[in-house]
Amino acid sequence: MTAAPPRRSWLSIRWRQFRNAPRPVVRAVAANLVAAAVMGVLYLAYDVALSRGARLPGGDLRPAFATLDVLLVLVIGTVVTYLIVPLPRGADASPKRTAWSAALGFFAAVPIAYLVLVVAIQVLRPLLT
């Protein structure tokens, strides 16, 4: 009779899951993070310009810009994930994409879009003003 393997701690289990994340999930998160970072930098530049007294056409449109930021991250993240994350292949060698690939991108984009905005507004903005 062989001995049972030692029990792992919660942290070691989560660390192993983090290190061995499935490639589709990593691709979806990376695509959304890149889109959110670009949009976050644009929002931050707009916000800092307004706070320094720049007169931009249309006045203060920060709420609209933040809404547009989140919507664009959702759309771009969904489309890019749909394009770069095929479903696992079966017997045939052709990659297949379905709405599930797009859904993976959408659900990865929701928290990333908001987290990047929070970092841009709450962490980076005070450093730049």
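I began with Val48, which lies in helix 2. Helices here are DSSP runs of H or I with at least four residues, strands are E runs of at least two, and both are numbered from the N terminus. This is a predicted model: local features need pLDDT of at least 70, side-chain atom pairs count only at pLDDT 80 or more, and totals for chains, interfaces and linings use all residues. Residues are numbered from 1 along each chain as its sequence is written, and side-chain values use heavy atoms, with hydrogens and water left out.

**Val48**

I looked up its accessibility. Val48 counts as buried, at 10% relative accessibility. Buried means under 20% relative accessible area, exposed over 50%, and partly exposed in between, with a 1.4 Å probe and protein chains only. Next I checked contacts, meaning heavy atoms within 4.5 Å. Leaving out residues up to four places away in sequence, Val48 touches Leu128 and Thr129. I also noted Pro126: 78 residues from Val48 in sequence, but 9.5 Å away in space, C-alpha to C-alpha.

**Helix 2 with helix 4**

I then turned to helix 4, residues 99-128. Helix 2 packs with helix 4 at an angle of about 35°, their axes 8 Å apart. Axes are lines fitted to C-alpha atoms, for helices over the stretch in contact; angles run from 0 to 180 degrees between N-to-C directions. I read the contact by class: 20 nonpolar, 4 polar and 2 charged residues. Ala, Val, Leu, Ile, Met, Phe, Trp, Tyr, Cys and Pro count as nonpolar, Asp, Glu, Lys and Arg as charged, and the others, Gly among them, as polar.

**Helix 2 with helix 3**

I compared residues 23-51 (helix 2) with residues 62-84 (helix 3): the axes come within 8 Å and cross at roughly 160°. The two helices are therefore roughly antiparallel (over 145 degrees; under 35 is roughly parallel, 65 to 115 roughly perpendicular, the rest oblique). Helix 2 passes helix 3 in a right-handed crossing. Their contact has 16 nonpolar, 5 polar and 4 charged residues.

**Aromatic rings**

I found 4 aromatic pairs. Rings of Phe, Tyr and Trp (its six-membered ring) pair if their centres lie within 6.5 Å; planes under 30 degrees apart are stacked, over 60 edge-to-face, the rest tilted. Tyr43 and Phe65 make a tilted pair, 5.7 Å centre to centre with 45° between the planes. Tyr43 is in helix 2 and Phe65 in helix 3, so this pair ties together parts 22 residues apart in sequence. Tyr43 is buried at 6% relative accessibility; Phe65 is partly exposed at 23%. I logged Tyr43, Tyr46 and Phe65 as one aromatic cluster.

Key: Left-handed = near helix turned anticlockwise from the far one by under 90°.
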